[in-house]
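Please read the points with the model at hand.

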Amino acid sequence: MDVRRQNWSVPHATSLGSRDHIFVGRSASRQDKTHKVIHDLVAPRQPLLDDPNINKDGTFNPFGQFKFTGSLRPRYPLSEKRVVPDHIKRPDYAEDGVPTSESRKNGQPPKILTLEEQEKMRTVCRLAREVIDIAASHIRPGVTTDFIDEIVHNASIERNGYPSPLNYRGYPKSVCTSLNEVICHGIPDQRKLQEGDILNIDVSLYYDGYHADLNETYPVGRVDDDSKRLMRAARESLDEAIKICKPGALFRDLGKVIEPIARTAGCAVVRTYCGHGVNDLFHCAPNVPHYAKNRAVGTMKAGMTFTIEPMLNLGTSWDLVHWPDDWTATTVDGKRSAQFEETLLITDSGVEVLTAGKRRDDLYD
């Protein structure tokens with residue numbers, strides 16, 4: 001996952017953001033109100049002839065007055081929170097949504113993993129790659145993003161892993177599914193995939209005390225040339241950035257590689273979110289911006305694990321708009337966005353892509 005430059009969805013971090021105020025000091029009455037809101041979001045609504053936000057099948061758009069930037073609309077109700085068996089080891093935020101360990105270690109330098117810890121990262125990253133590949137195999141028109149969430153959840157559980165996004169800062173699902181103009185953090189719902197869509201699946205897995213994080217953007221059936229160009233540029237920018245990773249390389253130099261590739265393809269690099277350290281913490285130092293002329297601090301050292309995950313938008317705008325769900329980030333002009341992410345380990349001689357998968361022919365000439 002990504003975060004804005006500082007945390008999950010914090011301005012300038014990677015993946016879901018800093019929302020500790022949501023969970024601290026909540027009164028009983030506020031909890032009751034929250035319970036009612038959750039109930040409303042998982043309960044189908046009766047269609048009304050004069051309400052365009054309620055569909056004939058009982059699904060609905062809960063943000064009818066919101067000015068969406070593109071054609072995509074949320075399709076609620078959300079399914080109930082999925083259950084994780086008791087025997088599976090959980091991260092500290094699993095129950096209350098608060099990543100206390102991340103807060104305690106905020107501001108510390110990037111962790112250097114021991115050889116034993118590196119092996120644990122290899123294991124969890126291999127499992128996470130298996131999960132995303134299973135999820136991707138189910139992509140086709142007519143499948144809902146909620147079904148993709150179910151696939152990811154079950155595949156994680158089958159591997160005795162905990163889906164890292166689940167309840168991280170209150171996130172309600174086990175995976176992020178970002179369609180078309182959604183840049184990141186799309187919440188799986190009842191919307192069915194359609195021919196010509198592009199879908200980003202962002203899988204994060206917690207196993208044996210360590211997190212893995214990766215994502216890919218996939219075509220749904222046949223897609224237009226702009227979507228192909230966008231996805232290929234996003235993949236190429238990640239590939240080329242990985243090539244410069246080694247001990248002594250500067251984190252700020254990654255953006256120098258990524259942004260020219262994006263611009264040549266007629267795309268803009270999102271600045272609000274960036275890559276991040278990942279190990280026994282879901283999100284930690286270092287921060288890894290993807291645009292040129294950034295001010296990222298730090299040098300790569302053997303034993304560091306982190307993600308690179310450039311988000312590219314078609315056109316010239318890198319800015320974003322959040323839906324009222326406080327998670328879904330979309331392009332400001334409704335144009336499409338694509339992203340790819342890998343978890344990396346810096347070795348004594350270079351870099352190891354811990355989440356590497358098979359080469360996709362649709363992304364290369």
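1. In which strand does Leu205 lie? Leu205 belongs to strand E5, residues 198–207. The model is a predicted one, in which local features need pLDDT of at least 70, side-chain atom pairs count only at pLDDT 80 or more, and totals for chains, interfaces and linings use all residues. Residues are numbered from 1 along each chain as its sequence is written, and side-chain values use heavy atoms, with hydrogens and water left out.

2. The protein chain has six helices and 16 strands; these are DSSP runs numbered from the N terminus, with helices (H or I) of at least four residues and strands (E) of at least two. Of its 365 residues, 56% are buried, that is, under 20% relative accessible area with a 1.4 Å probe and protein chains only. Contacts (heavy atoms within 4.5 Å) between residues at least 6 apart in sequence join, in 70% of cases, residues at least 24 apart.

3. Leu205 counts as buried because its relative accessibility is 0%. Leaving aside residues up to four places away in sequence, Leu205 touches Val124, Leu127, Ala128, Ser156, Gly161, Tyr162, Pro163, Ser164, Tyr210, His211 and Ala212. The C-alpha atom of Leu205 is 9.8 Å from that of Ile157, although 48 residues separate the two along the chain.

4. Three strands form an open sheet in the order E4-E13-E12, with antiparallel pairing; strands pair if DSSP finds at least two bridges between them. Strand E4 (182–184) and strand E12 (320–322) are at the edges with a single partner strand each, so one side of each has no neighbour in the sheet. On average, neighbouring strands of this sheet are turned by 45° against each other, direction ignored; the axes are lines fitted to C-alpha atoms. E4 and strand E13 (residues 329–331) are joined by two bridges, and Cys184 has Ala329 as its bridge partner in E13.

5. How many cavities of 30 Å³ or more are counted? The count is one, where a cavity is a set of points on a 1 Å grid over the protein atoms alone at which a 1.4 Å probe fits but cannot get out. The largest cavity holds about 140 Å³ of space, a volume being the space filled by probe spheres set on the points. It is lined by 17 residues, and Leu72, Thr177, Ile187, Asp189 and Trp323 are the closest to its centre; lining residues have an atom within 4 Å of a point.

Notes
Axes fitted to C-alpha atoms, helices over the stretch in contact; angles between N-to-C directions. 1 Å grid on protein atoms, 1.4 Å probe; cavity = no way out; pocket = protein on both sides within 12 Å on 5 of 7 lines; lining within 4 Å. Buried < 20%, exposed > 50% of the residue type's maximum accessible area, 1.4 Å probe, protein only.
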